[in-house]
Each structure stands twice: as C-alpha cells, then as structure tokens.
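Reader: Hi! Could you walk me through this one? I'd like to talk pockets, then backbone.

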Amino acid sequence: MAPPSAISSDHTSNGDEIPSSAAPHEPGISESKAKVQMPKFPQPPTFVDKYAERDYLKGRLAAAFRIFGKYGYDEGVAGHITLRDPVQPDTFWVNPFGVAFSLIKKSDLIQVDHEGNVIGGGEVRLLNSAAFMIHGAVHKYRPDVLCAAHSHSIYGRAFCSLGRKIDMITQDSCSFYNDLALYESFNGIVLAEKEGNDIAACLGNKKAALLQNHGLLTVGSTIEAAVFWFISLEKCCQAQLAADAAAGGRGRETIKIQDDDAAFTYKTIGLPIAGFFSAKPLFDVIEKECGSDYMQ
C-alpha cells in the first residue's frame, strides 16, 4: 500500500479532512521543504590593492577575447571589448586595432583615456575609433559598467536587420525581459561622438542593445557577465530566426512566454550575479585550452 501522504489528505479525529502539508510524490516531506532552492552563486573576487585588481582583470579581459575568437565573433578587425580601469576609472582597456581576438594576450591590451588618447599598454597602440566612440560614451554615462562588449556576430547582425527586439520564446530569452534596448538608427561606422552618445543614451540602464543594421552590444558589472550576455543574446537571436522561419513555414507563430512568467524567470537568470556565474564554464574551458598563453 502506498504511504497515506501520497494518496490522501490528513484527517482529524472526528473525520473532517484538513489540507495535507505533505509534498506530492515526497511522502513525509512538507511542501515548503520540498521546493527547490537555487544555490547561492559565488561572488566575484574583491581586492584591496587596485593594481592587483587591474592585473587580474586584464587577464580576464584577455580570456574574454580568446572566447570571442573561439566562437567566431571576429570579423576582420571589427569588434571590441572594454574594461574600466580600477586604478584610473576614467580610462579603459581595449584590444589594439588589428590584433586577432584569438591571439590577444594581457600584455597586448591598450589603455585609453576619455579623450581617445592611448596612454599605456602593449606595443601595438592602434585604437579603433568606433570602439572609442561607442565604449567611451557607455563608460562615461554608465559608472556601474565595468565591461562592454560589441562585435559583428552572424546571428546578431542578421537579427538586427529586422529592426525589432527579440520575443520571449525561450527560457534563455527571459534573461533580457525588459532589459534590452533597440537602437533604431544606422549612420555608417560609428566615427562621430554624437552617434556614440546616442547609443549610450538608448542603452540607458539596460544590459544589452540591438544596434539596427549593425550588431549586438552588452554591458556588465563584471567582465564575465558582459561576455555571457553577449553569447546568450547571440544564441537567442539564432533561436528566434530559426523558430520564426519554422513557424512561418507552417503559417503559424511562435508561442510567447507570458509576462509574469518571463519576469519571474528573469529574477533567476537575468540578474548580474547570474551572468557572472554563467560565464564560469566558458572561462574555465578557455584557460584549459590556452594554458597561460593569454596571461603573458
């Protein structure tokens, strides 16, 4: 015979039924205890010495470029990831123009002030003007942003040609629920200060933007979060392009996630600490594959 808690309600001595506190399929365990609790995510490391923090973060930035290279997010010399300098917060570190993502080392990174001057870093001190215009504005107007990432990934730039935001059609897309901007303009390569400021203004307090006819832009309070949001948004674009095509071929539409469900899911997978922790496997793998090369 099955345990009573699995098949019936509790009873009082006079035969009246009272609601059972037992969890379905888990005899003897209360419903409150049976609910799965998400583990507490590990936190980013903290530093007392800002120079030690700079050295650590530059290593993580170099690893981020290796990850982008592995995923094929390079397109010639286009694309950039920037890191706000912890020692001089009004400056940032970025990849030198023309150096392949897959070859970047910590020592290659260049330091740029908010006037666009290269003030330190590796031997190749060429600065991508578009990188300065976009990222300089983002770092200026978003003091909470440690890292910003932009590249011309295939599915991101394909989806950005549609001039619309992604739909909430998968659990992963809920990471961007009410946290994704759409920049509805394209004026060529971003070489003007106004264009960079307009992109930063459009981004607002959100963690990602779709740049129309251009590509994806993501930001984070950690390098890891900015990188993970970029990869996740790229895959969301890929998933929606495929789902829309499949549904359209049958004269149907994709099934959208309800707002309250999307909002609930966002609170689990869309917060900064979730982005930080979700990137951990990416960085672990690239460290295993590259060894100490990128740390030089």
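Author: Happy to. In this predicted model, 16 residues line the largest pocket, and those nearest its centre are Asp 172, Ser 175, Phe 228, Ser 232 and Ser 278.

Reader: Nice. Which elements give two or more residues to that lining?

Author: Those are α7 (223-249), α8 (259-269) and α9 (272-278). The largest share comes from α7, with four residues.

Reader: And how much space lies in the largest pocket?

Author: About 270 Å³.

Reader: What's the lining like by class?

Author: Nine of the lining residues are nonpolar, five are polar and two are charged.

Reader: Where does Asn 178 lie?

Author: In the loop between α5 (154-160) and β10 (180-183).

Reader: Is Asn 178 buried or exposed?

Author: Exposed, because its relative accessibility is 63% and the cut-off for exposed is over 50%.

Reader: Got it. What about Asn 213, what's its phi?

Author: Asn 213 also isn't a glycine, and its phi is positive, about 60 degrees. You'll find Asn 213 in the loop between β11 (208-211) and β12 (215-220).

Reader: And why does Asn 213 count as partly exposed?

Author: Because its relative accessibility is 41%, and partly exposed covers what lies between under 20% for buried and over 50% for exposed.

Conventions
Residues numbered from 1 in each chain as written. Predicted model: local features only at pLDDT ≥ 70, side-chain atom pairs only at ≥ 80, totals over all residues. Heavy atoms only, no water. 1 Å grid on protein atoms, 1.4 Å probe; cavity = no way out; pocket = protein on both sides within 12 Å on 5 of 7 lines; lining within 4 Å. Points joined across faces, edges and corners; volume = space filled by probe spheres on them. Nonpolar A, V, L, I, M, F, W, Y, C, P; charged D, E, K, R; others polar. Buried < 20%, exposed > 50% of the residue type's maximum accessible area, 1.4 Å probe, protein only.
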